[in-house]
Amino acid sequence: MITFEPQFFTERNREIDDGTLRAIAREVRKDILKMTTNANSGHPGGSMSAADIIVTLYYYKMRHNPENPKWEERDRFVLSKGHVCPALYSVLARTGYFPLEKLMEFRKLGGMLQGHPSMDTTPGIEISTGSLGHGIGAAVGMALALKLDKSDSKVYCMVGDGEIQEGSVWEAAMSASHYNLDNLIVIVDNNNLQIDGPVDEVMSIYPTMEKWKAFGWHTIEINGHDFKEIKEALNEADNVKYKPTMILAKTVKGKGVSFMENRAEWHGKALSPEQLKEALKELGEL
Amino acid sequence: MEKVSLRDAYGDTLVELGKRDERIVVLDADLSGSTKTAKFAKVFPERFFNMGIAEINMMNVAAGLAASGKIPFVSTFAIFGTGRAWEAVRQSICYPKLNVKIVCTHGGITVGEDGASHQALEDVANMRNIPNMTVIVPADDIETKQVIEKVAYTDGPFYVRLTREKFPRIFDENYKFEIGKGHVLREGEDVTIITNGVMTSFALLAAEMLEREGISAEVIHMPTVKPIDKELIVKSATKTKAVVTAEEHSIIGGLGSAVAEVLVENCPVPMERLGTPDVFGLSGKGWELLHYFKLDENGIIEKVKKVLERKEK
């Protein structure tokens, strides 16, 4: 297991190579599948598409302190697409917010890891999410508060591509550029699949870049599984002034397991124990 | 009785709070002139956020501000704040118990000429049904000022319902508002009248008129609809054995429902509810509409007589 002391995370842009990030993300993907199969429910597909980005945020980019989740100088991460919390829970556990064993409490009665993120029960969760289209608005509020406090902390927020069908996402997008929130970075996890099928068939969100641009955002398009590109995009956002940044991350739903990739059916269904064995073999565990 | 503006009292109190505490921030959705948050905006432009005509986002942004240590007051018309934005209030404010104060004006039928689309007759029900939410319906300007000061420094989500119309002043400076407590304004033996908002002034009138007919009515002002003052309701109903509620709200889900829930579980006595029936409002002058729906002293007296008949059987 790759572990770091809590103080490792308290500065931004840490020395960590892409190979190490990839190895961590592989562990996170195994966690996602074990957690969801153990719970016999949850959302593995989108968790796998989001994993590399969340790993890069917590291990490379964000300033945070697993020993003190409410540390004032921390950067914030808001998971607006709350259903992919298995990826976030795994990263929080692995960076030291709570013991790894807790992952097996996911979705269990009395456990601290709710089916969707709850800031009341889980250290490291900045705001409770789950109902789509609300987290990004809360991220705007956090960014406004940080500006009022003249803090240099940043707010990172991940939204789903299906999620941006919610009108409230665009209300939030409009308000973020109106208030010149250059401390807000939104990452769209564009795996192009939602529960009912391909996003462009259910309700097209395209052209995505042009929409965010028209709303006054600085936009960057990347491959959401290429650590070099993720790092570069996050660093580019640091130099953008007076406007928020949207990173459109092209991703693959179910990334990392051949029989899960690009298949909508794995949106909200756990692998069977047999399928889990297959998948873990592919991810190099068995 | 002198008529006073609850929303002006709100705007003025916000400015006072803003002077004392930098954590106070205010959000509005393009109605700051009507909700009177414009008063705060003028003095503290850097702590006032106009969110445009986008109430869902306004609630979410308020949640984010609260999660970052601010004390956000959020205002718009009652129907938009509690209706359109309901699920943002539920998900982002109430579920995580965040310190957001939703203060809406234009509650009730006295919105008047704008008609059904703008008259919130469901707002108290909408907010009362969400866990962690406290719901308060003040009666006049003096109470409004105290409510706003109190909720600013009481942790958790609040909904305060104010109105467009001016209402009669019924309290003086000796009044002391407490969250979750009803106030006996007049003691009586034959019937208990429980009200809030504008209906409290009508209840006092009705009680005087009933006294002339030899009926002794106890009048309880119940500003906090949730959590409701169960103890006081049970105590009074045990004594009078007949209860009438009156509110400027649908009879479904508001004060009448909250009182009925307490009575039915603790001391079932005959009860009558006065409110708007299960219908939409309509255009007209505010006070005309109150009388049209019998939301006045005569309506209360009618309900009192009805409940007394049932009590005698």
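1. Some ground rules come first. This is a predicted model, in which local features need pLDDT of at least 70 and side-chain atom pairs count only at pLDDT 80 or more, while totals for chains, interfaces and linings use all residues. Residues are numbered from 1 along each chain as its sequence is written, chains are lettered from A and ligands numbered from 1 in the order in which they are written, and side-chain values use heavy atoms, with hydrogens and water left out.

2. Begin with the overall form of chain A. Its C-alpha trace spans about 50 × 45 × 35 Å along the principal axes. For 286 residues, a compact globule would have a radius of gyration near 19 Å, and the 17 Å of chain A agrees with that. The radius is taken over C-alpha atoms, and the globule rule is 2.2 Å times the number of residues to the power 0.38.

3. Chain A has 9 helices and 7 strands; these are DSSP runs numbered from the N terminus, helices being H or I with at least four residues and strands E with at least two. Of its 286 residues, 61% count as buried, where buried means under 20% relative accessible area, exposed over 50%, and partly exposed in between (1.4 Å probe, protein chains only). Taking contacts (heavy atoms within 4.5 Å) in chain A between residues at least 6 apart in sequence, 75% join residues at least 24 apart.

4. Helix α3 of chain A, residues 85–95, is worth a look: 11 of its 11 residues are buried. Among them are A:Cys85, A:Tyr89 and A:Arg94. The cover over the buried residues of α3(A) includes α1 (18–39), α2 (44–61) and β1 (76–79) of chain A. Just after this helix, A:Gly96 takes a positive phi of about 110 degrees.

5. A:His83 sits in the loop between β1 and α3 of chain A. A:His83 is buried, with a relative accessible area of 12%. Apart from neighbours within four places in sequence, A:His83 is in contact with A:His43, A:Ser47, A:His116, A:Leu132 and A:His267.

6. Now to where the chains meet. Chain A gives 27 residues to the contact and chain B gives 27 residues. Between them the two chains bury about 2,100 Å², 59% of it on carbon and sulfur atoms; buried area is the accessible area (1.4 Å probe) that two parts lose on being put together, summed over both. A:His134, A:Leu148 and A:Glu171 supply 28% of the area that chain A buries against chain B, more than any other three residues.

7. Which side chains meet in a salt bridge at 2.5 Å, N to O? They are those of B:Lys70 and A:Asp149. On the side of chain A that touches chain B, the elements giving two or more residues are α4 (135–148) and α5 (167–178) of chain A. The largest share, 8 residues, comes from α4(A).

8. Finally, a residue in chain B. B:Ala203 lies in helix α9 of chain B, residues 199–212. Is B:Ala203 buried or exposed? B:Ala203 is buried, with a relative accessible area of 0%. Not counting residues up to four places away in sequence, B:Ala203 touches B:Ile193, B:Thr195, B:Val219 and B:Ile300.

How values were computed
A salt bridge is a side-chain nitrogen of Lys or Arg within 4 Å of a carboxyl oxygen of Asp or Glu.
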